[in-house]
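Okay, thanks for making time, everyone. Let me put the structure up and then walk you through it.

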Amino acid sequence: MRWRHRACGGGGGSSTDAGADQCWALGMLLRALFDSKRRKAPMVSASIRETVAVRRPDSEAKYEVPVWPSSSPNHRDFANWRPIWTDPSRLELKNSSTMSSEESAIEAAPETSKKVEPPKVVVLQSYDGEEFEVDLVVASQSETIKNMIEDGCVERSVPLPNVEGPVLSKVVRYWKRRVEGGKEEELKQWDKEFVEAEKQQLLEIMVAAHYLNSQPLFDLCCQAVADTISNMTVEDVREYFGIENDLTPEEERRIRDVNRWVFD
Amino acid sequence: MEATVLPSEEEEEEERKNRFSINDDVDLLIEILERLDGRSLGVAACVCRLWSSVCRRDSVWEALCNRHVAGGGGGPGTRSVVAALGGYRRLYRLCVGPALDRLTGGPGRSGWASAATAAHLSLSLSLSLSLFSIDCYERLDGPQASLLFLCKPVNVP
């Protein structure tokens with residue numbers, strides 16, 4: 001996906017707004033293209049932002065990433081933008097003691113009247129219209145959602161066009177258990193039971209975790225899939241993934257010869 | 001009769017098209033294959049063209065070897081040494097794989113009996129790796145190939 005973003009960043013060097021619009025339009029076009037085949041949408045906003053930050057001559061600090069004035073009505077004032085973590089006036093510890101400092105940095109008090117206060121409860125909308133209302137802490141298990149909230153693109157609901165309702169419900173269940181915390185062995189035990197219960201949809205949950213960028217769940221699912229196929233024969237593996245055998249007989253014989261040491 | 005048969009066939013076709021296919025996303029496939037053991041990787045190589053090409057890549061075998069060797073494998077220095085020895089795939093096939101089979105009591109048995117044997121296992125693996133490297137060096141052509149030159153006295157001016 002990277003080469004598309006670089007091309008976009010080149011166009012954004014000259015004029016900020018025109019470049020931003022072009023990038024946004026290209027991103028939406030790409031997303032529409034991929035959605036029609038139900039494949040993963042490219043992470044347009046984050047990487048384009050980073051690319052343009054490199055190209056912009058007046059980008060401030062070396063590693064700061066400026067935020068686009070987004071198309072939502074509550075977009076930030078770009079000229080006065082400062083990242084939350086450098087401006088102590090915007091960092092207010094909330095009364096609730098259950099919030100960690102990370103979450104309180106996300107939920108900073110509004111600086112001007114134009115700034116959007118991030119919501120404490122978000123609604124996750126799946127591909128088929130199912131909605132799940134979760135706390136901010138739970139939703140922040142996903143790096144994707146966390147970034148969207150930090151950028152102020154989220155008012156109340158987060159559309160997730162790549163994740164279906166049933167799969168999302170299982171992902172949310174996992175996140176909620178993670179947030180509850182507990183001892184290492186208890187969590188491991190619960191993970192095992194979760195994997196056992198969701199055997200049928202393991203692949204879908206893995207893809208969703210990859211899209212939502214939730215590393216613990218993704219690792220768990222990958223390991224579970226690997227364990228499932230670890231003692232299977234070739235035909236069983238093909239059936240499990242629904243793969244058709246596109247090897248010619250000679251090719252297959254050659255590969256089996258090369259890997260003979262496995263079958264001994 | 002035909003009217004009732006055809007729609008269900010179409011539905012099946014659509015379901016098959018909509019169903020997620022791992023071959024669409026090679027990154028995910030690599031993530032799964034990196035967590036497999038050696039025997040299953042050999043099986044995976046026979047599944048289809050894409051899988052066999054992915055299994056030929058060294059990164060998958062590198063992940064496998066690093067998982068078993070204590071210390072997690074080291075950095076780019078290790079990679080260049082292993083490349084000189086013929087790649088991670090060859091390393092696993094000739095050294096790590098047979099050593100693991102020998103040390104865990106035969107192919108097909110997985111899991112360690114206790115923590116004590118895990119330490120013993122990693123030490124034995126390190127020893128096997130050292131012997132393998134020495135053997136590769138010995139097989140190199142050239143007058144300096146044999147390590148016996150280390151036994152000769154050194155003239156210090």
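Before anything else, a word on terms: when I say buried, I mean under 20% relative accessible area, exposed is over 50%, and partly exposed is whatever falls in between. And please keep in mind that this is a predicted model.

With that cut-off in hand, take Asp191(A). Its relative accessibility is 11%, so Asp191(A) goes down as buried. Asp191(A) has a salt-bridge partner, Arg178(A), with 3.2 Å between the closest N and O atoms. Where do the two residues sit? Asp191(A) is in helix α8 of chain A and Arg178(A) is in helix α7 of chain A, so this pair ties together parts that are 13 residues apart in sequence. Arg178(A), at 27% relative accessibility, counts as partly exposed.

There's another pair in that area of the sequence. Glu198(A) and Arg173(A) meet through their side chains in a salt bridge, at 2.8 Å from N to O. Here Glu198(A) comes from the loop between α8 (184–197) and α9 (202–212) of chain A, while Arg173(A) is in helix α7 (residues 165–180), so the parts being tied together are 25 residues apart in sequence. Is Glu198(A) buried or exposed? At 9% relative accessibility, Glu198(A) is buried, and Arg173(A), at 38%, is partly exposed. Lys170(A) joins in as well: Lys170(A), Arg173(A) and Glu198(A) are linked in a network of salt bridges.

One more from chain A, and this one stays within a helix. Glu252(A) makes a salt bridge with Arg256(A), and the closest N and O atoms are 3.3 Å apart. Both residues belong to helix α12 (residues 249–258) of chain A, four residues apart, which is about one turn of the helix. Glu252(A) is buried at 16% relative accessible area, and Arg256(A) is partly exposed at 28%. Over all chains, the salt-bridge count comes to 11.

Okay, stepping back to the chains themselves. Chain A has 264 residues, 40% of them buried, and is built from 13 helices and three strands. Its accessible surface is about 15,200 Å², with carbon and sulfur atoms supplying 51%. If you look at contacts in chain A between residues at least 6 apart in sequence, 53% of those join residues at least 24 apart.

Now chain B. Its secondary structure is eight helices and zero strands. Chain B has 157 residues, and 33% of them count as buried. The accessible surface there is about 9,800 Å², and 57% belongs to carbon and sulfur atoms. As for contacts in chain B with a separation of 6 or more, 52% are between residues 24 or more positions apart.

How many residues are in contact? On the chain B side there are 29, and they contact 38 residues of chain A. For chain B and chain A, the buried area is about 2,900 Å², and carbon and sulfur atoms give 67% of that. Which residues of chain B lose the most area to chain A? Those are Arg35(B), Cys46(B) and Arg49(B), together 22% of what that side buries.

Arg35(B) turns up again among the charged pairs. Its side chain meets that of Asp219(A) in a salt bridge, 2.7 Å from N to O. Between chain B and chain A there are two salt bridges in the count, and six residue pairs in polar contact, both residues being at pLDDT 80 or more.

So which helices of chain B do the touching? The largest share, five residues, comes from α3(B). By residue type, that side divides into 13 nonpolar, six polar and 10 charged.

Last stop, from the chain A side: Ser230(A), in the loop between α10 (215–229) and α11 (234–241) of chain A. Leaving out residues up to four places away in sequence, Ser230(A) touches Leu36(B), Asp37(B) and Ser40(B). Within chain A, the side chain of Ser230(A) reaches the backbone oxygen of Asp227(A) at 2.9 Å.

That's my tour; happy to go back to any part of it.

Definitions and conventions: Residues numbered from 1 in each chain as written. Chains lettered and ligands numbered in written order. Predicted model: local features only at pLDDT ≥ 70, side-chain atom pairs only at ≥ 80, totals over all residues. Heavy atoms only, no water. Contact = heavy atoms within 4.5 Å. Buried area = accessible area lost by both parts, 1.4 Å probe. Salt bridge = Lys/Arg side-chain N within 4 Å of Asp/Glu carboxyl O. Polar contact = N/O pair within 3.5 Å; in protein donor to acceptor, adjacent residues only side chain to side chain. Helix = DSSP H or I, 4+ residues; strand = E, 2+ residues; numbered from the N terminus. Nonpolar A, V, L, I, M, F, W, Y, C, P; charged D, E, K, R; others polar. Buried < 20%, exposed > 50% of the residue type's maximum accessible area, 1.4 Å probe, protein only. Areas by Shrake-Rupley, 256 points an atom, 1.4 Å probe, with all protein chains shown as cover.
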